Amino acid sequence: AQYYVMRANDLKGAAKEYQAILKLDAKNLKASLALASIYRRDKQDKLALDVLAKATKANPKNGEAWLALAEHQAAAGDSKGLKTSLDKAIELDPYNYTSYWLQYEDAVRRHRAGDAKAKDEAIAAAKNIMRFNPRKAS
């Protein structure tokens, strides 16, 4: 499948390869993530979200799957879906500060759009970013 993407720039061919893998193994998270990435690169965001939603159903205890879904929901502006996915990702991996970054960015966006409650959410997310930042000096 990587051949189709890297050498031939054939996103449809690569998508078919990953779809075939997922027909054989619906729980294959790497294939799901790769397929979603191809769909997103090909501007098929709805398909990418569908693949990732299926990946979270097939791998409900995998934080990486929930975080990938959250990232795509953030890009699509789906705050409600984003919140659900981030809550699950944080429940599974409370030390992954990327989840808090997504929370922060969404809260700031909503605050700028006039949501007064979002300010407190942005502050809470910022505190968690500082708390769990791997680059922070120990």
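Author: A pocket is an open set of points on a 1 Å grid over the protein atoms alone, where a 1.4 Å probe fits, with protein on both sides within 12 Å along at least five of seven lines; lining residues have an atom within 4 Å of a point. The model is predicted, with local features needing pLDDT of at least 70 and side-chain atom pairs pLDDT 80 or more, while totals for chains, interfaces and linings use all residues. Residues are numbered from 1 along each chain as its sequence is written, and side-chain values use heavy atoms, without hydrogens and water.

Reader: What makes up the volume of the second largest pocket?

Author: The value is about 210 Å³, the space filled by probe spheres set on the points, which are joined across faces, edges and corners.

Reader: Which residues line the second largest pocket?

Author: Among them are Gln 19, Ser 32, Tyr 39, Asp 50 and Lys 54. Helices H2 (11-24), H3 (29-41) and H4 (45-58) each give two or more residues, and H4 gives the most, 5.

Reader: Why are H2, H3 and H4 called helices?

Author: They are DSSP runs of H or I with at least four residues, numbered from the N terminus.

Reader: How are the lining residues of the second largest pocket divided by class?

Author: There are 7 nonpolar, 2 polar and 2 charged residues. Tyr 39 lines this pocket and counts as nonpolar, because that class holds Ala, Val, Leu, Ile, Met, Phe, Trp, Tyr, Cys and Pro; Asp, Glu, Lys and Arg are charged, and the others, Gly among them, polar.

Reader: What is the class make-up of the lining of the largest pocket?

Author: That lining has 7 charged, 5 nonpolar and 3 polar residues. The pocket holds about 250 Å³ of space. Of its 15 lining residues, Lys 83, Gln 103, Asp 106, Arg 110 and Glu 121 are closest to the centre.
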